[in-house]
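Subject: Handover of a structure and the findings in it

Dear colleague,

Please find below the structure that I am handing over to you. My notes on what was found in it follow directly after.

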Amino acid sequence: MKVKVNSSYSEWFETKTGVRQGDPLSALLFGVVLDSLFTNLEIRGNITTRLKQICAYADDIVIIGRTKQILFDIFCKLKHEALNAGLRVNNNKTKYLHCTRKTFQPTYIGTGEEKSEQVNSFKYLGIMVNTANFIEEEIKERIAAGNRAYHVHKKLFTSKLISQNVKLQF
């Protein structure tokens with residue numbers, strides 16, 4: 001490998017390690033690789049006409065399919081494309097949520113040796129998603145988080161050294 005600085009090149013040198021998690025360049029490269037993976041999956045149409053969709057933020061990915069077979073197919077394609085790019089899907093973190101009005105009966109969805117557990121709720125980007133689409137659990141969690149934040153900073157709110165305007169900003 002060589003490094004170019006202005007118009008001159010360095011001597012050749014060998015690299016023994018690649019980009020690591022936490023390196024400034026790793027997030028950018030990961031985003032570029034994921035974008036190419038999703039492009040290769042060829043998901044076309046808009047939200048009303050698609051049978052499958054992918055929502056992704058960093059390494060949190062949700063695959064939405066209207067049927068179990070479509071979900072299974074897109075997951076297998078994503079897993080295959082990821083392997084071709086040098087990435088692997090963490091099967092311990094992979095879960096399956098089936099939204100239906102019928103009663104919840106846990107099952108597994110599998111791709112060969114690995115099986116993904118069916119759950120009745122999961123957290124995506126800090127928000128609880130569940131099969132019944134109830135928001136009460138999410139509201140309770142947010143109230144509890146607000147209470148925790150208040151009690152951590154309680155001394156600031158009760159201090160007479162801080163003006164009320166500053167307290168309101170907190």
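Is cysteine 76 buried, partly exposed or exposed? Cysteine 76 has a relative accessible area of 27%. Because buried means under 20% and exposed means over 50%, cysteine 76 is classed as partly exposed. Please bear in mind that this is a predicted model, and that the values in this message are computed from it.

Cysteines

Cysteine 55 is likewise partly exposed, at a relative accessible area of 31%. A disulfide, as a reminder, is a covalent bond that links the sulfur atoms of two cysteines. With the requirement that two cysteine sulfur atoms lie within 2.5 Å, the number of disulfides found is zero.

The hairpin of S3 and S4

Strand S3 covers residues 52–57 and strand S4 covers residues 60–65; the two are antiparallel and are paired over six bridges. Within this pairing, lysine 52 has glycine 65 in S4 as its bridge partner. Two residues separate the strands of this hairpin, and alanine 58 adopts a positive phi near 55° there.

Strand S8 (residues 121–124) runs antiparallel to strand S9 (residues 127–130), and four bridges join them. Serine 121 is placed opposite asparagine 130 in S9, while tyrosine 124 has isoleucine 127 in S9 as its bridge partner. As a general point, side chains in a regular strand alternate between the two faces of the sheet.

S8 and S9 make up a hairpin with two residues between them. Leucine 125 is located in the loop between S8 and S9. Its phi is positive, at about 55°, although leucine 125 is not a glycine. With a relative accessibility of 46%, leucine 125 counts as partly exposed, because this value falls between the limits of 20% and 50%.

The loop between S1 and S2

Asparagine 6 is found in the loop between strand S1 (4–5) and strand S2 (8–9). Here too a residue other than glycine has a positive phi, with a value near 60° for asparagine 6. The relative accessibility of asparagine 6 is 74%, so this residue counts as exposed.

A nonpolar surface patch

Which residues form a nonpolar patch on the surface? They are Met1, Val3, Val5, Trp12 and Phe13, and together they have about 530 Å² of accessible area. One of them, tryptophan 12, sits in the loop between S2 and helix H1 (24–40). Tryptophan 12 counts as exposed because its relative accessibility is 64%, and the limit for that class is over 50%.

Serine 159

Serine 159 belongs to the loop between helix H4 (154–158) and helix H5 (164–169). Its relative accessibility is 17%, so serine 159 counts as buried. From this position, the side chain of serine 159 reaches the backbone nitrogen of leucine 161 at 3.1 Å.

Yours sincerely

Terms used. Residues are numbered from 1 along each chain as its sequence is written. This is a predicted model: local features need pLDDT of at least 70, side-chain atom pairs count only at pLDDT 80 or more; totals for chains, interfaces and linings use all residues. Side-chain values use heavy atoms; hydrogens and water are left out. Two strands pair if DSSP finds at least two bridges between them. Buried means under 20% relative accessible area, exposed over 50%, partly exposed in between (1.4 Å probe, protein chains only). A polar contact is a pair of N or O atoms within 3.5 Å; within protein, one must be able to donate a hydrogen and the other to accept it, and residues adjacent in sequence count only if both atoms are side-chain atoms. Patches are made of residues with over 30% relative accessible area and no salt bridge: like charges are joined within 9 Å, nonpolar side chains (Val, Leu, Ile, Met, Phe, Trp, Tyr) within 5 Å. Accessible areas come from the Shrake-Rupley method with a 1.4 Å probe; for residues, only the protein chains shown count as cover. A salt bridge is a side-chain nitrogen of Lys or Arg within 4 Å of a carboxyl oxygen of Asp or Glu.
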